[in-house]
Amino acid sequence: IQVLEILGKKFTPEENSKGYKVLPPYIRVIQGDGVDINTLQEIVEGMKQHRWSIENISFGSGGALLQKLTRDLLNCSFKCSYVVTNGLGVNVFKDPVADPNKRSKKGRLSLHRTQGGDFVTLEEGKGDLEEYGVDLLHTVFQNGKMVKSYTFDEVRDNAKLTDSDIETFH
């Protein structure tokens, strides 16, 4: 509601046929974090009480809506770490003040196996690459085109855990 109110002060909303406020068509809100069936209902009810139309918002469908297995619970997320725009490479990352544990890796990343068999991800320019050997990451998509594909059996084989991997979870 607070986001809609702030936007409403900067971008004058119109009233739809049912009497609800609608931001100009080029402004919308996307809510994807912390959305589950309960918060979804709370948000929609709050919008109704404050006379904001539901057309102002879209909701992300994450783990909380599906099976309550969130990226935080699994300690796993996928984020953009590097982009090239007009030939210029730029590191992309997040570093939230409220939760330093959610800081993401930045720059072009490489994945290596240590001598002990563990995986290590290196940010560009960090660590001695020769110490860990060849980068295990492969380009799958490039400029919107698939350059490497895998069969379902290959994906299953790649996902198999070794005995030492299983021991790490105990």
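Trainee: Which residue takes a positive phi just after α2?
Mentor: R51, with a phi of about 65°. Keep in mind that this is a predicted model, where local features need pLDDT of at least 70, side-chain atom pairs count only at pLDDT 80 or more, and totals for chains, interfaces and linings use all residues. Residues are numbered from 1 along each chain as its sequence is written, and side-chain values use heavy atoms, with hydrogens and water left out.

Trainee: And what span does helix α2 reach?
Mentor: α2 covers residues 37-49, 13 residues, and reaches 19 Å from its first C-alpha to its last, close to the 18 Å expected at 1.5 Å a residue. The expected span is 1.5 Å times one less than the number of residues. Helices here are DSSP runs of H or I with at least four residues, strands are runs of E with at least two, and both are numbered from the N terminus.

Trainee: OK, salt bridges. How many does a search of the whole structure find?
Mentor: Two, counting a side-chain nitrogen of Lys or Arg within 4 Å of a carboxyl oxygen of Asp or Glu. In one of them, the side chains of K21 and E5 meet at 3.8 Å, N to O. K21 lies in strand β2 (residues 21-22) and E5 in helix α1 (residues 2-10), so the pair ties together parts that are 16 residues apart in sequence.

Trainee: How exposed is K21?
Mentor: K21 counts as partly exposed, at 24% relative accessibility. E5 is partly exposed as well, at 29%. For the classes, buried is under 20% relative accessible area, exposed is over 50%, and partly exposed is in between (1.4 Å probe, protein chains only).

Trainee: Which residue does E123 meet in a salt bridge?
Mentor: R103, at 3.7 Å, N to O. E123 lies in strand β8 and R103 in the loop between β6 and β7, so this pair ties together parts that are 20 residues apart in sequence. E123 is buried, with a relative accessible area of 11%, while R103 counts as partly exposed at 34%.

Trainee: What else does R103 touch?
Mentor: Not counting residues up to four places away in sequence, R103 touches K94, D95 and P96 along with E123; contact means heavy atoms within 4.5 Å. The C-alpha atoms of R103 and F93 are separated by 7.4 Å, with the two residues ten apart along the chain.

Trainee: What about S104, buried or exposed?
Mentor: S104 counts as buried, at 8% relative accessibility. S104 sits in the loop between β6 (88-91) and β7 (109-113). A polar atom of its side chain lies 2.8 Å from the backbone nitrogen of K94. Leaving out residues up to four places away in sequence, S104 touches K79, F93 and K94.

Trainee: Switching to strands: how do β7 and β8 pair?
Mentor: In the antiparallel sense, over five bridges, with β8 at residues 119-123; pairing takes at least two DSSP bridges between the strands. S110 stands opposite L122 in β8. The two strands form a hairpin with five residues between them, and G117 in the turn has a positive phi of about 90°.

Trainee: Last one: which residues make up the largest nonpolar core?
Mentor: There are eight: L4, L7, L23, I27, V29, M47, W52 and I57. A nonpolar core is a set of buried Ala, Val, Leu, Ile, Met, Phe, Trp, Tyr and Cys residues joined through side-chain atoms within 4.5 Å. Leaving aside neighbours within four places in sequence, I27 is in contact with L7 and F11.

Note on methods: Polar contact = N/O pair within 3.5 Å; in protein donor to acceptor, adjacent residues only side chain to side chain.
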